[in-house]
Each structure stands twice: as C-alpha cells, then as structure tokens.
Amino acid sequence: MGQTATEQNYLKAICKLSEHDVIVSTSDLANELKTTPASVTDMIKKLSDKGWIQHQPYKGVKLSAEGRKIAMGIYRDWE
C-alpha cells in the first residue's frame, strides 16, 4: 500500500519531532508542516485509520511500528 506525498510528509514530520518516542502534539505538527491544526486533525484521522500512527486524544500522536518503518524507508530513499 503506497502513500501520498502529503502522507509521507506527515510521517516524516512525526518521525522528526518524536525523538525518543515522545508524543507529538497537533500544534507542533501544524507548525512543522506550516499548516492549520484543522488540517493536521484531518490527516491524523486518515493516518490512524491506516494504522500508521497512534493517536491519543488531547495529547498527540506517535508513529506505530508500521508508520516508523514507512518513515524510515522514506528517509533511506532520500539518501
């Protein structure tokens, strides 16, 4: 199952912001991606439905094992 460019950007941003398995807030993600919190919320639902992130309401998100695998693959493709 492939990802859209936008999905890849979100996965990379979450990976970048979640060093040491830290939960990433919606506002931090919006700032990183230079978008609105509402847009982030919409994408969080999509990524969560696909099993690529774990969403904790009112706290934030972190990558699932599958999401981390995808994000790391994206980074490898850049090198």
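User: How confident is the model, as mean pLDDT of the chain?

Analyst: This is a predicted model, where local features need pLDDT of at least 70, side-chain atom pairs count only at pLDDT 80 or more, and totals for chains, interfaces and linings use all residues. Residues are numbered from 1 along each chain as its sequence is written, and side-chain values use heavy atoms, with hydrogens and water left out. pLDDT is the predictor's confidence in each residue, from 0 to 100. In this chain 94% of residues reach 70 or more, and the mean is 91.

User: Which element of the chain has the highest mean pLDDT?

Analyst: Elements here are DSSP runs, numbered from the N terminus: helices (H or I, at least four residues) and strands (E, at least two). Helix H4 (residues 65–78) has the lowest mean pLDDT, 85. The highest, 96, belongs to H3.

User: Are the axes of H1 and H3 roughly parallel or roughly perpendicular?

Analyst: Axes are lines fitted to C-alpha atoms, for helices over the stretch in contact, and angles run from 0 to 180 degrees between N-to-C directions. Under 35 degrees counts as roughly parallel, over 145 as roughly antiparallel, 65 to 115 as roughly perpendicular, and the rest as oblique. The axes of helix H1 (residues 5–17) and H3 come within 11 Å and cross at roughly 95 degrees. That makes H1 and H3 roughly perpendicular.

User: Which residues make the contact of H1 with H3, and how many are charged?

Analyst: Contact means heavy atoms within 4.5 Å. H1 brings Thr6, Glu7, Tyr10, Leu11 and Ile14, and H3 brings Ser39, Val40, Met43 and Leu47. By class, Ala, Val, Leu, Ile, Met, Phe, Trp, Tyr, Cys and Pro count as nonpolar, Asp, Glu, Lys and Arg as charged, and the others, Gly among them, as polar. The contact has six nonpolar residues, two polar and, as charged, one.

User: At what angle do the axes of H2 and H3 cross?

Analyst: Helix H2 covers residues 26–33 and helix H3 covers residues 37–49. Their axes come within 9 Å and cross at roughly 110 degrees. That makes H2 roughly perpendicular to H3. The crossing angle is roughly 110 degrees.

User: Which residues of H3 does H2 meet?

Analyst: The contact of H2 with H3 has five nonpolar, two polar and no charged residues. On the H2 side are Thr26, Leu29 and Ala30. On the H3 side they meet Pro37, Val40, Thr41 and Ile44.

User: Is Ala13 buried or exposed?

Analyst: Buried means under 20% relative accessible area, exposed over 50%, and partly exposed in between (1.4 Å probe, protein chains only). Ala13 is in helix H1. Neighbours within four places in sequence aside, Ala13 is in contact with Leu29, Glu32 and Leu33. At 5% relative accessibility, Ala13 counts as buried.

User: How far apart in space are Cys15 and Met72, C-alpha to C-alpha?

Analyst: Cys15 is found in helix H1 and is buried, at 11% relative accessible area. Leaving aside neighbours within four places in sequence, its contacts are Leu63, Arg68, Ala71, Met72 and Tyr75. Cys15 and Met72 are 57 residues apart in sequence, yet in space they are apart by 8.2 Å.

User: In what sense do S1 and S2 pair?

Analyst: Two strands pair if DSSP finds at least two bridges between them. Strand S1 (residues 53–56) and S2 have four bridges. Ile53 stands opposite Leu63, and His55 stands opposite Val61. The pairing sense is antiparallel.

User: Which residues of S2 point the other way from Gly60 and Lys62?

Analyst: In a regular strand the side chains alternate between the two faces of the sheet. Strand S2 (residues 60–63) has Gly60 and Lys62 pointing one way, and all four residues named here are buried. Pointing the other way are Val61 and Leu63.

User: What phi does Tyr58 take in the hairpin of S1 and S2?

Analyst: Most residues other than glycine have a negative phi. Tyr58 lies in the loop between S1 and S2 and is exposed, at 87% relative accessible area. The hairpin has three residues between the strands. Tyr58 is not a glycine, but its phi is positive, about 65 degrees.

User: Where does Lys34 lie?

Analyst: Lys34 has a positive phi near 55 degrees and is a residue other than glycine. Lys34 is exposed, with 75% relative accessible area. Its place is the loop between H2 and H3.
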